[in-house]
Amino acid sequence: KRTKVISEIEIIDEAYGVAVYEDDICDRTFLAKIADNAVTVNNIKASFCIGRIDKKTVGISARSLNEENVQVMMEKLGGGGHYNNAAVQLADVSIEQAKEALIGVLEENKEGTKNMKVILIKDVKGYGKTDDTIDVTNGYGNHLIRTKCAIAATADNLQQIEMKKEKAKHDQEKHLRDMQELKVQIEKTSVKVTVRVGENGRLFGTVSTKEIVEAFKQQNKIELDKRKMLLDKDINSLGTYKIPINLHKEVQAIITLYVVEGNKK
């Protein structure tokens, strides 16, 4: 098996050998042995072997002959080790995704400190969030673009992002105003829920948030989200209740609820 994997090794930039074992699950020792053998192939500076070590985890074993610091490379992927002997385990990724991530690190290592600007189109841990413009090395920037995590920070793309941010800001401001207006409507009215009570004056069960929002919609023509209501205790008796409801991170309204008696048991 090792011979077959090594015979199919991919040489990248005439400096790095990347071997992939896809047949089945293997242990880390198997990957390490392939990396050990592969580092002597075609005068490469460093070798890497990728394989699945359990159903949820892909392992990468790295070796070098003191020309490349594979420890630093594996640390960029979340692993570690020593200068010429290192490894990493990547959870919840495919072998192809692990290979793409490794190649991004190899390109970054080759490109050195040359930087480029990219615009993230996905959140990237440790680098930024969607629509952020970041400075990264050419190698890693190209990796982010190739894996559809970023786009080049061209003048057109930057303009599009600014327009998108302006629209998002306008939409957020409008939503805030709408919720402030809704707060006024909620607080100038009330809602009544009629319940059955027993001889001791206790309710049969409790008044649920679902009942409250349904009654509010029917009586006031305003639709509320029951998940945003903040009940600190069960409503299980007659009376008047003041119930907070979060409409926005900056806006909270107070619902006035009257629980009144209807048909007795």
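Tutor: Let us begin with Lys221, which is found in the loop between α7 (209–220) and β11 (239–248); please keep in mind that this is a predicted model.

Student: Okay, and what's the phi of Lys221 like?

Tutor: The phi of Lys221 is near 60°, which is a positive value in a residue other than glycine. As background, most residues other than glycine have a negative phi.

Student: Is Lys221 buried or exposed, and why?

Tutor: Lys221 counts as exposed because its relative accessibility is 71%, and the cut-off for exposed is over 50%.

Student: Which other residue has a positive phi although it is not a glycine?

Tutor: Lys148 is one, with a positive phi of about 60°, and it lies in the loop between α5 (138–146) and β9 (150–152). Lys148 also counts as exposed, because its relative accessibility is 60%.

Student: Switching to strands: which residues of β6 are on the covered face, and which are on the uncovered one?

Tutor: Strand β6 covers residues 85–91, and its covered face holds Ala86, Val88 and Leu90, while Asn85, Ala87, Gln89 and Ala91 make up the uncovered face.

Student: What about β5, how many bridges does it have with β6?

Tutor: Strand β5 (residues 80–82) pairs with β6 over three bridges, in the antiparallel sense, and Gly80 stands opposite Ala87 in β6.

Student: Zooming out now, how many helices and strands does the protein have?

Tutor: The protein has seven helices and twelve strands. Its radius of gyration is 30 Å, well over the 18 Å that the globule rule gives for 265 residues, so the protein is more spread out than a compact globule. The C-alpha trace spans about 90 × 50 × 25 Å along the principal axes.

Student: How much of it counts as buried?

Tutor: Of the 265 residues, 39% count as buried, and the protein exposes about 15900 Å², of which carbon and sulfur atoms supply 46%.

Student: Last one, how many positive and negative side chains are there?

Tutor: There are 42 positive and 40 negative side chains, and the centres of these two sets lie 7 Å apart.

Conventions. Residues numbered from 1 in each chain as written. Predicted model: local features only at pLDDT ≥ 70, side-chain atom pairs only at ≥ 80, totals over all residues. Heavy atoms only, no water. Helix = DSSP H or I, 4+ residues; strand = E, 2+ residues; numbered from the N terminus. Rg over C-alpha atoms; globule rule 2.2 N^0.38 Å. Buried < 20%, exposed > 50% of the residue type's maximum accessible area, 1.4 Å probe, protein only. Areas by Shrake-Rupley, 256 points an atom, 1.4 Å probe, with all protein chains shown as cover. Lys, Arg positive; Asp, Glu negative; His and termini not counted. Charge placed at Lys NZ, Arg CZ, Asp CG, Glu CD. Pairing = 2+ DSSP bridges.
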